[in-house]
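Here is a friendly walk through some helix contacts, salt bridges and surface features. Please keep the model open as you read.

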Amino acid sequence: MAKRFSADTYIAGILAGDRVMLSRAITLVESKLPSDQELAQEVIAAVLPSAGNAVRIGITGVPGVGKSMFIEAFGLYLIREQQKKLAVLAVDPSSQRSGGSILGDKTRMDALATNPQAFIRPSPAGKSLGGVTRSTRESIILCEAAGFDTIFVETVGVGQSETAVHAMVDFFLLLMLAGAGDELQGIKRGIMEMADAIAITKADGSNLPKANAARAEYRNALHLYPKAASGWLPQVSTCSALEKTGLDTIWQTIYNYLQLTQSNGFFEQKRRSQNLQWLYEAIRQGLEENFYAHQQVKEQLPAIAAQVKDGQKSAFAAAAQLLKLV
Ligand code: GDP
């Protein structure tokens, strides 16, 4: 079990921007122990008025698209050229795997990891998607209260975690490779529809013409989508993390988006509906946890599940029977 302090120690530490306390508070948030959870909620409630002031940016893309190098290059650009304080969080329930996750492979983000203006936190291990997204959302609040004004939430663009990340960020950036076979097939259409911007990575050297062609192609594809409620038209640009090009354009895009959505009210409206969405998500999770923790459910579930599996009982009747126990 992690070393615990009093709620006041965590709160004061976070509000003073103490990264060690921030880190330890995130560990509490990630803990499954009810006593840790209780303490975590007390800390979150206390720092909540100091949160909410960062720009929350979701970044996704398939493994190999260049996410780690991009996050490092773009992160350093924001710190050095835009005087930002950056926290990088990951939503990736399978981050124990070796390749793919930027945060699982710290060596590729050395310069960012050691920068005093950056805070990097890998995905919590051994948790379900629901568990990871919940602790990431709570970690955003803690990072904001600790003074980080820009939050990256990274996810590997292959699963369902994108929807969850979309529900916790202001801006969703999709990284895409040029010339990787049939270009619009690589990533699910639903993910493309969520993107506020697409950046074609590795636009350097002999790859440059392909990247420019892909940019034109994605621009055309995005124009076919219905106009978003935000009034924003998703932008497509190219970048190279290697040559550090195109990073200013991406920041300018994010900046323009913020200007537009903050002036037309969409930004605030989206944050409010995200809050509501998380309320219902938390209720759903709480109900589910209570259900499975219930003594009689624990006792009866295995036998009933076996009957359902064998076709002796319908799934609906079995569920109704179990739900009545709670
Ligand atoms: P991730 O799996 O999405 O995190 O991708 P990585 O950041 O690990 O990059 C995958 C590979 O692409 C690595 O071999 C990188 O060296 C390479 N790569 C990443 N960014 C660039 C870039 O801007 N230009 C070029 N030429 N290669 C890059």
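## Terms and ground rules

A residue counts as buried under 20% relative accessible area, as exposed over 50%, and as partly exposed in between, using a 1.4 Å probe and protein chains only. The areas themselves come from the Shrake-Rupley method with a 1.4 Å probe, and for residues only the protein chains shown count as cover.

This is a predicted model, in which local features need pLDDT of at least 70 and side-chain atom pairs count only at pLDDT 80 or more, while totals for chains, interfaces and linings use all residues. Residues are numbered from 1 along each chain as its sequence is written, and side-chain values use heavy atoms, with hydrogens and water left out.

A salt bridge here is a side-chain nitrogen of Lys or Arg within 4 Å of a carboxyl oxygen of Asp or Glu. Searching the whole structure turns up 7 salt bridges. One of them pairs aspartate 170 with arginine 271, with the closest N and O atoms 2.8 Å apart. Aspartate 170 sits in the loop between α7 (161-166) and β5 (171-176) and arginine 271 in helix α11, so this pair ties together parts that are 101 residues apart in sequence. Aspartate 170 and arginine 271 are both buried.

Another pair is glutamate 144 and arginine 56, whose closest N and O atoms are 2.7 Å apart. This pair also links distant parts of the chain, with glutamate 144 in helix α6 and arginine 56 in strand β1 (residues 55-61), 88 residues apart. Both glutamate 144 and arginine 56 are buried. Helices (H or I, at least four residues) and strands (E, at least two) are DSSP runs, numbered from the N terminus.

## Along helix α11

Helix α11 spans residues 266-293 and includes isoleucine 283. In this helix, glutamate 288 and arginine 284 lie 4 residues apart, about one turn. Their side chains form a salt bridge at 2.9 Å, N to O. Glutamate 288 counts as partly exposed because its relative accessibility is 41%, and arginine 284, at 41%, is partly exposed too. Salt bridges with shared partners connect Glu281, Arg284 and Glu288 in one network.

Which residues make the nonpolar surface patch of about 510 Å²? They are Leu276, Leu279, Tyr280, Ile283 and Leu287. Patches are built from residues with over 30% relative accessible area and no salt bridge, joining like charges within 9 Å and nonpolar side chains (Val, Leu, Ile, Met, Phe, Trp, Tyr) within 5 Å. Isoleucine 283 is partly exposed, at 41% relative accessibility.

Two packed helices are described by the angle between their axes and the distance between the axes. Axes are lines fitted to C-alpha atoms, for helices over the stretch in contact, and angles run from 0 to 180 degrees between N-to-C directions. Angles under 35 degrees count as roughly parallel, over 145 as roughly antiparallel, 65 to 115 as roughly perpendicular, and the rest as oblique.

Helix α2 (residues 19-30) and helix α6 (residues 129-145) have axes that come within 9 Å and cross at roughly 155 degrees. The two are therefore roughly antiparallel. Helix α3 (residues 34-47) packs with α6 at an angle of about 45 degrees, their axes 10 Å apart, which makes α3 oblique to α6.

In the loop between α6 and β4 (150-156) lies phenylalanine 148. Phenylalanine 148 is buried, with 3% relative accessible area.
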